[in-house]
Amino acid sequence: MHEIESFIKERLSAKRFEHSEGVARCAENLADRYKADRHSAYLAGLLHDCAKELPLEEMTALTSHLELDEDVKKSKNLLHGPAGAVLAKKHFDITDEVFDACFYHTFGK
């Protein structure tokens, strides 16, 4: 987990990192409540915004192989979810469940 935290800290402002830690703790609590995998929930919460502060051009490059709605492609606020999922998958051995949680958190599924 330390490797993932370091990866995220390098890419996010202190405020955004603090937000991601809070989301991770909240996700872990919800996982306990609903009998889901605590580790996956924590990891998804921690990684969900890992691309949030990238320039739109980098997000676009990360997601160029994906078929996404044109509105998603034009918006950093929407595209950071798919871009973050691809970035996390590229660097870490995350499950499909964690990938999907990151991917869809900006526009749902």
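**Entry 1. Conventions**

I count a salt bridge where a side-chain nitrogen of Lys or Arg lies within 4 Å of a carboxyl oxygen of Asp or Glu. The model is predicted, so I note that local features need pLDDT of at least 70 and side-chain atom pairs count only at pLDDT 80 or more, whereas totals for chains, interfaces and linings use all residues. Residues are numbered from 1 along each chain as its sequence is written, and side-chain values use heavy atoms, with hydrogens and water left out.

**Entry 2. Salt bridges**

I looked up the salt bridges under this rule and found a count of 7.

One of the bridges joins the side chains of Arg-11 and Glu-10, at 3.5 Å from N to O. Arg-11 is partly exposed at 28% relative accessibility, and Glu-10 is exposed at 63%.

I next examined Arg-38, whose side chain meets that of Glu-28 in a salt bridge of 3.6 Å, N to O. This pair links distant parts of the chain, with Arg-38 in helix α3 and Glu-28 in helix α2, 10 residues apart. Helices here are DSSP runs (H or I, at least four residues), numbered from the N terminus. Arg-38 counts as partly exposed, at 40% relative accessibility.

In a further bridge, Lys-109 pairs with Asp-100, and the closest N and O atoms are 3.9 Å apart. Salt bridges with shared partners join Glu-28, Asp-32 and Arg-38 into one network. Returning to the Lys-109 pair, I find Lys-109 exposed, with a relative accessible area of 81%, and Asp-100 partly exposed, at 29%.

**Entry 3. Helix α1**

Which residues of α1 are buried? In this helix, residues 2–11, I find Ile-4, Phe-7 and Ile-8 buried. Seen down the axis of α1, the buried residues fall within an arc of 95°, so they line one face of the helix; the arc is that of the directions from the helix axis to the C-beta atoms. I recall that an α-helix has 3.6 residues a turn, so residues three or four places apart point the same way.

The face of α1 turned away from the buried side carries exposed His-2, Glu-3, Lys-9 and Glu-10. The buried residues of α1 pack against α2 (14–33), α3 (38–47) and α6 (76–91).

I then turned to Ser-40, which is found in α3. Ser-40 is buried, with a relative accessible area of 8%. Apart from neighbours within four places in sequence, Ser-40 is in contact (heavy atoms within 4.5 Å) with Thr-95, Glu-97 and Val-98.

How do α3 and α7 pack, and at what angle? Helix α7 spans residues 96–104, and the two pack at about 35°, with axes 9 Å apart. I take axes as lines fitted to C-alpha atoms, for helices over the stretch in contact, and angles run from 0 to 180 degrees between N-to-C directions.

On the α3 side, Ser-40, Leu-43, Ala-44 and Leu-47 meet Glu-97, Val-98, Ala-101 and Cys-102 of α7.

**Entry 4. Lys-35**

I checked Lys-35, in the loop between α2 and α3. The phi of Lys-35 is near 60°, a positive value in a residue other than glycine. Most residues other than glycine have a negative phi. Lys-35 is exposed, with a relative accessible area of 73%.

Technical notes:
Buried < 20%, exposed > 50% of the residue type's maximum accessible area, 1.4 Å probe, protein only.
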